Amino acid sequence: MSAQAGGYEAQPHPFNGGGECRSILSGSAGYSASLQNEAPAEKMVIDGGYPLTGEVEIGGGKNPALAVVAASLLCDETCVIENLPYVEDVRVMIELLESLGVKTERSGRTLAVDARSISGCAPPYELARKLRASSYLIGALLGKLGRAQVPYPGGCNIGKRGLDQHLKGMRALGARVDEAGDMIIARSARKLAGADIYMDKITVGGTINVLIAACRAQGLTVISNAAKEPHIVEVANFLNSMGARIKGAGTDVIRVQGVERLHETSYAIIPDQIETGTMMIAAAATRGDVTIRGCIPTHMEALTAKLLEAGVRVDDRDDVIRVRSNGAHRAIAIKTQVYPGFPTDLQQPMCSLLATARGTSTVTESIFDDRFRHLPELARMGARVRLNGSDAYIEGIPHLYGAAVTATDLRAGAAMVVAGLMAHGVTEIAEPHYIDRGYELITDKLNSLGARVRRVTEVADDSL
Ligand code: EPU
């Protein structure tokens with residue numbers, strides 16, 4: 001196989017062959033795996049070294065959209081969802097609804113959902129497995145029909161992703177939940193009944209799932225130790241816009257008074273927190289000057305604080321953030337935490353920026369147990385990285401160098417994009433479909449800021 005784009009020369013930093021990196025590199029599938037792949041493969045190719053400058057508009061949030069689309073099942077009339085992002089995961093969620101007999105109509109960024117025609121409670125196995133957020137169908141279907149049959153979901157390769165708190169919540173609401181192989185079968189002979197539910201672990205998905213189901217339960221549900229991420233507030237606002245009675249979303253105690261019916265609504269999805277953050281990081285990492293429009297600066301406070309600490313200039317006003325950087329960055333320490341702490345979804349792209357900061361940065365991942373698969377890929381580009389359990393140490397070097405790397409998951413893909421934009425030379429990112437799961441029109445957006453990014457499809461080359 002050869003890449004149509006051709007013509008790159010990877011220039012690994014001498015440290016790449018060194019002791020500290022070796023163990024990291026050995027854990028990586030890397031480029032060679034994609035060479036053995038028979039099917040024509042797509043790549044994202046980046047000519048690095050151009051500072052990002054200009055203005056960019058942020059799209060609707062992927063994670064909020066996934067929760068809202070799943071929750072739209074509960075509506076007893078038609079609900080209209082606006083500002084829906086064009087990303088693969090959202091497309092799959094819509095297909096999941098359709099597979100259950102729900103009528104959907106999409107026009108541009110607007111989706112109309114009519115769940116009155118729902119005819120099934122078991123989405124197709126392979127489709128549901130594609131998406132972690134398919135687990136929201138457990139809460140939505142239990143609330144709507146009193147039964148759900150959903151497989152343990154797939155999603156990105158970032159470590160164990162339990163559902164115990166989701167299922168604990170459903171059981172507390174009165175559902176019987178059985179696990180048969182990797183299938184979850186939940187049913188409730190009677191209407192779900194409100195309950196006090198203490199989450200043993202702060203979980204975004206678990207909080208959303210229980211919130212969705214509790215809307216249609218009889219009486220009051222109190223969710224304690226709830227997650228506070230922006231998409232928790234978003235799904236609560238969406239459900240309330242249909243007549244649900246949810247209070248306290250965004251705090252760690254959420255109260256849900258169940259209602260009989262949910263009426264029609266028209267609701268616009270909030271801007272994507274992680275796309276905003278990725279653009280902020282890319283602007284800073286390329287020593288650029290980017291004005292990001294249509295975002296929510298208060299959602300970005302943890303990232304902004306860390307960028308400021310690293311020596312980046314960040315100004316915000318209303319729904320605009322401007323990020324400027326023209327010098328070397330300082331090494332910093334980052335620890336991922338639940339909101340309003342530093343988001344795990346931005347840990348990976350931030351590692352790319354820190355690869356060229358002055359000094360040694362420490363990055364601690366405390367949400368997922370295997371969210372460092374981007375490090376071996378960064379090492380291919382010359383980064384000096386070392387992993388010790390959940391702590392990564394990144395010793396800054398002057399430059400990254402273009403190389404053949406792999407997007408091992410969605411945000412690892414974003415890390416590769418940021419690194420490719422920063423690097424000297426050409427970076428080829430294999431498996432860019434991971435990036436498509438969560439970033440809308442990323443190639444166009446980056447190119448409009450002066451980047452040189454293209455997608456190429458490999459063609460068979462028999463002479464190899
Ligand atoms: N966990 C449990 N038991 C549960 C639920 C979660 O042990 O019942 C654990 C998980 O194994 C994980 C941790 O708790 O270690 C956090 O999981 P959480 O439920 O909070 O995350 P999630 O709902 O699976 C969502 C986002 C992720 C984002 C995390 C954290 C969606 C669809 N996904 O995942 O987004 O990283 O919250 O903020 O909203 C991404 O967009 O790239 C992405 C992975």
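Ser 188 is placed in the loop between strand S8 (183-187) and strand S9 (196-198), where helices (H or I, at least four residues) and strands (E, at least two) are DSSP runs numbered from the N terminus. This is a predicted model, in which local features need pLDDT of at least 70 and side-chain atom pairs count only at pLDDT 80 or more, while totals for chains, interfaces and linings use all residues. Residues are numbered from 1 along each chain as its sequence is written, and side-chain values use heavy atoms, with hydrogens and water left out.

With a relative accessibility of 12%, Ser 188 counts as buried; the term means under 20% relative accessible area, with exposed being over 50% and partly exposed in between (1.4 Å probe, protein chains only). Apart from its neighbours within four places in sequence, Ser 188 is in contact with Leu 142, Gly 146, Gly 174 and Ala 175, contact being heavy atoms within 4.5 Å. The C-alpha atoms of Ser 188 and Gly 174 are separated by 6.6 Å, although the two residues are 14 residues apart along the chain.

Leu 142 is also one of the buried residues of H6. Nine of the ten residues of helix H6 (residues 136-145) are buried, so this helix is largely enclosed by the rest of the structure. Its buried residues pack against several elements, including helix H3 (62-71), helix H4 (88-99), strand S6 (147-151) and S8. Gly 146, which follows H6, has a positive phi, near 80°.

The structure holds one aromatic pair, where rings of Phe, Tyr and Trp (its six-membered ring) pair if their centres lie within 6.5 Å, and planes under 30 degrees apart count as stacked, over 60 as edge-to-face and the rest as tilted. The ring centres of Phe 238 and Tyr 267 are 5.5 Å apart and the planes stand at 70°, so the pair is edge-to-face. Because Phe 238 lies in helix H9 (residues 230-241) and Tyr 267 in strand S13 (residues 265-268), the pair ties together parts that are 29 residues apart in sequence.

| Buried residue | Relative accessible area |
|---|---|
| Phe 238 | 0% |
| Tyr 267 | 12% |

Finally, there is a contact between two helices. Leu 303, Lys 306 and Leu 307 in H11 meet Leu 346, Met 350 and Leu 353 in H12.
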